[in-house]
Every structure is written in structure tokens, then in C-alpha cells.
2 protein chains.
Amino acid sequence: MAANEHEEHAGRWRVEPGTELRLADIDTASKAGAPGDKEATTLAVQDLVGQLSDWQNRLWAEGSQSILLVLQAMDAGGKDGTIRQVFTGVNPQGVRVASFKAPTADELAHDFLWRVHQHAPAHGEMGVFNRSHYEDVLIVRVNELVPEPVWRARYQQIRDFEQILTASGTAVVKVFLHISPEEQAERLQARLDDPTKRWKFAAADLDVRKHWDAYQAAYEEAIRETSTADAPWYVIPADRKWYRNWAVLQVLLDVLHRLDPQFPPEEPGLEDLTVV
Amino acid sequence: MAANEHEEHAGRWRVEPGTELRLADIDTASKAGAPGDKEATTLAVQDLVGQLSDWQNRLWAEGSQSILLVLQAMDAGGKDGTIRQVFTGVNPQGVRVASFKAPTADELAHDFLWRVHQHAPAHGEMGVFNRSHYEDVLIVRVNELVPEPVWRARYQQIRDFEQILTASGTAVVKVFLHISPEEQAERLQARLDDPTKRWKFAAADLDVRKHWDAYQAAYEEAIRETSTADAPWYVIPADRKWYRNWAVLQVLLDVLHRLDPQFPPEEPGLEDLTVV
């Protein structure tokens, strides 16, 4: 594993297996490690997006490894914004975003990993899950949709499933965008106050907000139980959108440096060929 | 149908149903209608990409209509470059690119539309087909992979299939990137001469090139037979990449103006709500 300039940053947010995680101890407004304040960091983000685009090209050309970015957050935590701001600028041919909503009847008639497996990235692709199989140990737990022994057994199932993806060349990267309840209130209120964004608001969001502590506890346990050496979680302070974008890019670039995709070898005998 | 500034441009390349099409009569290096030469047009493209991004946001928010862009071209015709340059800058969450290569055994065990149907864009999405079901009346015809009555019957099947998509709210837009054989030779040679691009080159590309005239004839007939009022073909002069990008954007923006997606209505009673 070659050292790279993103490694130190990524390590800052990585949840090492076996460590105790307390979300309340992590400052959601942190700017730790950022190259400067909003303006300087936004400038750095532009450069990092360019790097991500170059790596995507190599990953695609190589065609034997892939990345799966799992994005989880509370409502208004910034999942959509992260996808837009981090991946806009990357060739959409190699990026595949899957959004998971409430499961359909057909999906519920299968094991909980069935529907997400279908959206696993192919070799050469960057896959992004906007919400994921983790909802099956989060909302399912908080709303008591299945008995505790069922959701509790899923931690092991998730570890096994992600190990299967890893073994076939997919780097599984899991990011929790960590915001404060005050920041969430501000963002939801902003949606309400802006007529062009009000359609995004559902009154049901406020019900979920009432269960804030239960969700934080569920996240804490899920992250602790499923952060492995091969498929680690990263808890990224996300009250400041510019810091969040910069941090997610650092994590992705660290992973890409380690995957180190290479352009494939050419067919032999092409050097002196002339097209007629 | 409201008039829009892109309508006149799009009409320039649209193959009206029932008209005779002769590809040889269309100048592959045309600059007709462009706002200027390379520099000025590239600047205009940046602005059009921004417009496409805004429309994508509305289409996604509305969630009841979609676009399917079918891209076809000879090898090195610019399909990959068009996708990268037109859609990079658009939120990847709403763009879904599907590339179709030689069919698998499972795909061959189904009708020829089965595999493409699975990649039809959902409501709110922009779908892009990099190659498509049209290969089943192109390469399949030139290489005599099925008997003539079989591929000939596919014209009607394609019209019917695309009508089904149209009826469910998908605007089907088909673009043939039209290059000259000289331009193709230059581009293939450039791939050979650049060690970082040589991996893209397959010696088999030269075999396809030998059948240039047969392919042009197959394209001419396929386009004539399947350009309908609801799912028209556009033949876009594509020797100049900057003109090609500008033209594809004009076509997409014309279609989006006509779809005219609207932000959905908000839930009633949200105006005076305060988030606590």
C-alpha cells in the first residue's frame, strides 16, 4: 500500500474495527484538516473533483476493480447534495447511482440484500448507494418493522455480503454524513421557506425527526458492528457542506490510490499499424 | 407546443417521417447554424450544459416524464465523447447510461428488445443508450447473423416498442453521429499513435471499417424505417466534435422545452409550518 496525501485525512474519519464509537463526541461542524475556510476549501474541492474524474477514467479503462460508496445520513443530511457536488464532473458513463426507497412488495418477498445486490457496481464502475441495506438495521429497528433477533442477525449478514463484494474487486466505502439536530432543523425550515424547494418536504420528515436519539443510537451500533478492515465506515462532519464535500473526496481518493487502477495492456503488434 | 430557440436547430437534423434519406448527401463537417467557430461554439456549449443541468433538475423533481437518448455511430464516431462532454455537469443521480456490447447467451435466448427494455429510464431520469437495439438491424444485418426476414421484421417491432415507451411518458430521441471515413481513419490512427489510448484499439475495428458502405446502407434504411413523429432520428454532422456537442445539446433542449417538466405541487398546509 503506497502512502498518499489523502491517507492521513481519510484516517481522521475512519471508524477502526473494534473501537468504541460515540457520535455525540464527534463535532458535526468540524473543519479539522481543511486547507482553509469555505472559499479556499471550495477551490480545493474543484481540484479534487478533477482528480476523481482522472481516476474514474483509469478505473473504467482497467475494468477489473470497482468502488461502491454507501451514503447514509439523517433527513436533510446532504446525501443528494454530496452526490451532485462530488460526482458532477465525472463521466456519467462510469458512475451508477442507486436510490433506495421503501421496498416494494416484490423486494419484501426476498431477503433484504436481494434488491441492493442488483445495483452493485460492475468492474470499472463507481457505484453510489443513496441509502442502502443499512436502512434494514436503522428505520426497520426504530420503527420495529421486524423482531430484534431478525435485524440483529443482519449485522453478520451485512459483513458477509460486503466481503463477497470485496473479494470480487469492489472497494466498499461507507460514509455517514453526521449533522446536528439544529442543522437539520435549519435545512428543513429552509426547504419550507423556499417555494421552489417545498415539494421536497414531506410532513412525515418531522415524525422521523422526533426519533432523533433512537436513530443516532441505531447508527452508532450499526457502524460499530459493520466497520471492517475491508469495508470501513467513515463518519464525516457534515454541518458545513464545503467541508463535507472535501472530506468525501479525500476518502474516495485515498481508496483510489490504494486500488491504483492501470490502463490495460494493448493488443500486441499495434505499434506500427497504419489505418487505411 | 411552445416555440423555443432550439426548435429551429433541432429541425435542421431531424429526419422527418417519409422523407428520403441519403447519408452521402449530408456534409459530415457541417457547421450550419453554429454560433461561431470552435471557440465561440465551445463557449456556447458550456452555457447549454448548464441549461441541461437545470432541466434535469426539473425533470427529476416532476417525476412523471423521462428522456431516452439513443446514440449510434460508426466506430470512433464519438459516442463516448458525446456522453462525457454533454452529460458531465449534469447530476449523475438523474442520468443513467447503458452500454450495449455483444449480447450474452442469456440475452440471445430472449427477443432482441428484452435486454434494452430493462435499461429504459424511469420517470424523472435521462437515459442514454451507448449503442442500442439498433445494432440488431445493423451489425446483425451486415454480418448476416440472422436471416433477412427476421431483421426486416424488426423495423416494425422497434416502432411498436418505442411507441410503448412514448406512451408511458418517455421522449425517445435517436441520434446518429455522422462522420466521414477519412475522419474515422484519423481518429483510429490517433488512438494507435497515443500509448495512453492504444488500449481502446482492437484490430477487429479495421474489419468493421472494411464494411463501411454496407453499414451506411444499413443505417440509411434503419433510420428511414424507424424515424417517427414521436421518436424521430437526428443525423448530426460529427466530424467536428465541438459542433457535434452543440448540436446534440440543441436537440435535447428542444425536447425538454416541449416536455416542459414542472416542479410538483407541495403538500397542503406547509406554508406556515415551523420546524422545532
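Good morning. I begin with a definition: a helix axis here is a line fitted to the C-alpha atoms over the stretch in contact, and the angle between two axes is taken between their N-to-C directions. The model I am presenting is a predicted one.

In chain A, helix α2, residues 38-62, and helix α11, residues 241-259, have axes that come within 9 Å and cross at roughly 30°. Angles under 35 degrees count as roughly parallel, and α2(A) is therefore roughly parallel to α11(A). As for the hand, the crossing of α2(A) with α11(A) is left-handed.

Which residues of α2(A) meet α11(A)? Among them are A:V45, A:L48, A:V49, A:L52, A:W55 and A:L59. From α11(A), the partners include A:W242, A:W246, A:L249, A:L253 and A:L256. Sorted by class, this contact of α2(A) with α11(A) has 14 nonpolar, six polar and one charged residues.

The second pair is also in chain A. Helix α7, residues 148-167, packs with helix α10, residues 212-226, at an angle of about 40°, and the two axes lie 9 Å apart. The helices α7(A) and α10(A) are therefore oblique to each other. Their crossing is right-handed.

On the α7(A) side, the residues in contact are A:W151, A:R152, A:Y155, A:I158, A:R159 and A:E162. They meet A:E221, A:A222, A:E225 and A:T226 of α10(A). By class, the contact of α7(A) with α10(A) has four nonpolar, one polar and five charged residues.

How is chain A superposed on chain B? A rotation of 180° does so, with 0.0 Å of shift along its axis and an RMSD of 0.0 Å. The two copies are thus related as by a two-fold rotation axis. Within chain A, the residue that comes closest to this axis is A:G89, whose C-alpha is at 2.5 Å.

Finally, the interface itself. Chain A contributes 39 residues to the contact, and chain B contributes 39 residues. Of the interface residues of chain A, 100% are also interface residues in chain B, so the copies meet through the same surface. Between them, chain A and chain B bury about 3500 Å², with 59% of it on carbon and sulfur atoms. Three residues, A:Q93, A:W199 and A:V275, supply 21% of the area that chain A buries against chain B, more than any other three residues.

Thank you for your attention.

Definitions and conventions. Residues are numbered from 1 along each chain as its sequence is written. Chains are lettered from A and ligands numbered from 1 in the order in which they are written. This is a predicted model: local features need pLDDT of at least 70, side-chain atom pairs count only at pLDDT 80 or more; totals for chains, interfaces and linings use all residues. Side-chain values use heavy atoms; hydrogens and water are left out. Axes are lines fitted to C-alpha atoms, for helices over the stretch in contact, and angles run from 0 to 180 degrees between N-to-C directions. Helices (H or I, at least four residues) and strands (E, at least two) are DSSP runs, numbered from the N terminus. Angles under 35 degrees count as roughly parallel, over 145 as roughly antiparallel, 65 to 115 as roughly perpendicular and the rest as oblique. A crossing is left-handed if the near helix is turned anticlockwise from the far one by less than a right angle, and right-handed if clockwise. Contact means heavy atoms within 4.5 Å. Ala, Val, Leu, Ile, Met, Phe, Trp, Tyr, Cys and Pro count as nonpolar, Asp, Glu, Lys and Arg as charged, and the others, Gly among them, as polar. Copies are superposed by least squares on the C-alpha atoms of residues with pLDDT of at least 70 in both. Buried area is the accessible area (1.4 Å probe) that two parts lose on being put together, summed over both.
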